[in-house]
Every structure is written in structure tokens, then in C-alpha cells.
Amino acid sequence: MSRIAPGTAPNIDSHVAATLSQVSSAGPSKSAKSSLTRLAAWINDHNVPFLVTSIGMIVMLLWAGSYKMTAPGAEGIVPLVSNSPLIWWHFKLFGPYIGSDIIGLTEWAGALFYIAGYFKPKAGVIGGLITIVMFFITSTMVITTPGSTISVHGIRYMSFLGLFLYKDVISLGVSFYLISYFGNKAILLENRGE
């Protein structure tokens with residue numbers, strides 16, 4: 001194992017600090033040198049991750065929420081909800097059709113709060129809180145729903161149903177990201193007194 005000479009370490013630390021200072025003051029696009037890092041900087045500068053995740057989430061929530069307010073949509077989620085240890089009671093209390101309408105309206109509410117978050121970031125944070133609760137509950141259904149995994153030659157794999165449910169684990173992560181993004185925007189506005 002090689003060792004750095006004692007007098008060299010401070011020089012390395014000061015060089016790293018100076019480089020980081022240049023990057024943060026100039027912005028990533030100004031300091032990017034290679035094609036790969038310029039592409040990454042362009043993606044960052046144009047808010048591509050936020051736009052793709054927020055618009056994708058809004059479309060998915062509006063579309064899925066609408067479908068849950070139909071008879072086939074309600075009937076399709078009966079096995080998911082009835083096998084969930086967290087919301088099994090939901091359909092017992094409201095029935096499958098009204099219960100599914102409530103779930104669909106919750107998805108619409110999340111989408112509408114995300115849309116409002118473009119103008120009022122705190123609304124986006126509320127949308128994120130709604131979808132975190134939703135997607136946490138539905139993420140657990142990967143484990144609790146019969147048929148979410150299948151055995152092929154003695155090895156367990158996710159079935160189509162399991163993969164369908166697994167998207168909610170990813171959506172849970174997206175919800176946390178959107179809370180972070182909208183929260184940072186809200187903090188900036190608060191600090192400016194808006």
C-alpha cells in the first residue's frame with residue numbers, strides 16, 4: 001500500500017477544495033471538459049430529471065386514477081387491496097367501487113398538487129407526501145399479493161403482476177425526489193421572502 005508524504009496531503013486537499021470551488025461558482029456546464037461531462041451538465045442545467053419525473057408522475061397518476069374509477073379498474077385491484085396488511089379494511093369499509101374511486105381521487109389529488117407545485121412549490125411537497133404514503137402502501141403489495149412471484153426451475157422470479165407492482169417501489173423513490181426538488185424551491189422562495 002502506498003503512502004502519501006505528509007507534506008503532500010495538504011496540497012492535495014487544497015487542490016481539491018479549489019477545484020470544487022471553481023465547479024460550484026462556475027456551475028457544472030462552465031467547468032465540464034469532456035463530451036460526457038458536458039452532456040451531463042446540459043441535462044442538469046435544463047432540469048431534465050425533474051421534468052421527466054414530474055411530468056411522468058403526473059400523467060401516470062391522472063391516468064391510473066381515472067382507470068380506478070371504472071368498473072374493470074375497481075375489480076382489477078380487489079386482490080391487491082384485499083391481501084394488503086395495510087389497507088385490507090378499505091374495501092370492507094367502502095366496498096370495491098367506492099373504495100376504488102377514493103383511491104383514484106387520491107391519485108388525482110397527488111397529480112394536481114404536483115401541477116400546482118410548478119407555481120407554488122409547497123403544493124408540490126404536499127403532492128409528494130400524498131404519493132409517498134400511496135406508493136409505500138402499494139410497494140408492500142409486491143410481498144403480500146399472491147401470484148406476484150412465480151417459480152421457474154426452483155428459482156423465484158417476479159411475475160408480470162409482481163413487475164407491475166414493483167414500479168411502485170420506483171415511484172416511491174421518485175416521490176422522495178420530487179419532495180426534495182419542490183422543497184428546495186420552497187426554501188429559496190422563503191429565503192427571498194416570497
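The chain exposes about 12,300 Å², and carbon and sulfur atoms supply 71% of that area. Accessible areas here come from the Shrake-Rupley method with a 1.4 Å probe, and for residues only the protein chains shown count as cover. Of the 194 residues, 30% count as buried. Buried means under 20% relative accessible area, exposed means over 50%, and partly exposed is in between (1.4 Å probe, protein chains only).

Before going further, a word on what you're looking at. This is a predicted model, where local features need pLDDT of at least 70 and side-chain atom pairs count only at pLDDT 80 or more, while totals for chains, interfaces and linings use all residues. Residues are numbered from 1 along each chain as its sequence is written, and side-chain values use heavy atoms, with hydrogens and water left out.

How confident is the predictor? The pLDDT is its confidence in each residue, from 0 to 100. The chain's mean pLDDT is 88, and 85% of its residues reach 70 or more. Over residues 19–25, though, the pLDDT is below 50, and beyond near neighbours in sequence this stretch has three contacts in the model. A contact means heavy atoms within 4.5 Å. Where pLDDT is low, the predicted coordinates should not be read in detail.

Now for the layout. The chain has nine helices and two strands, and along the sequence they follow the pattern α-α-α-α-α-α-α-α-β-β-α. Helices (H or I, at least four residues) and strands (E, at least two) are DSSP runs, numbered from the N terminus. Among contacts between residues at least 6 apart in sequence, 60% join residues at least 24 apart.

So what sits inside? A nonpolar core is a set of buried Ala, Val, Leu, Ile, Met, Phe, Trp, Tyr and Cys residues joined through side-chain atoms within 4.5 Å. The largest one has 15 residues, of which Phe50, Met57, Leu61, Tyr114, Phe135, Leu178 and Phe182 touch the most other members. The elements that give it two or more residues are α4, α7 (96–117), α8 (121–144) and α9 (160–191). Helix α9 brings the largest share, six residues. Apart from this core lies another, of 10 residues, among them Ile77, Leu80, Phe91 and Val142.

Next, the aromatic rings. Rings of Phe, Tyr and Trp (its six-membered ring) pair if their centres lie within 6.5 Å; planes under 30 degrees apart count as stacked, over 60 as edge-to-face and the rest as tilted. By this rule there are seven aromatic pairs. Take Phe50 and Phe182: their ring centres are 5.4 Å apart and their planes stand at 85°, so the pair is edge-to-face. This pair links distant parts of the chain, with Phe50 in helix α4 and Phe182 in helix α9, 132 residues apart. Phe50 is buried at 5% relative accessibility, and Phe182 is buried at 2%. Phe182 also forms an edge-to-face pair with Tyr181, at 6.1 Å centre to centre and 85° between the planes. Ring pairs link Phe50, Tyr114, Tyr118, Tyr177, Tyr181 and Phe182 into a cluster.

Stay with helix α4 for a moment, where you'll find Gly65 (the helix spans residues 48–68). Is Gly65 buried or exposed? It is buried, with a relative accessible area of 0%. Not counting residues up to four places away in sequence, Gly65 touches Met60, Gly104, Glu107 and Trp108. Its C-alpha atom is 7.1 Å from that of Ile103, which is 38 residues away along the chain. Lys68 is in helix α4 too, and at 15% relative accessibility Lys68 also counts as buried.

Finally, the strands. β1 and β2 pair in the antiparallel sense over four bridges; two strands pair if DSSP finds at least two bridges between them. Most residues other than glycine have a negative phi. His153 counts as exposed, at 81% relative accessibility. Asn47, in the loop between α3 (35–45) and α4, also has a positive phi, near 55°, but Asn47 is partly exposed at 29%.

Technical notes. pLDDT = per-residue confidence, 0-100.
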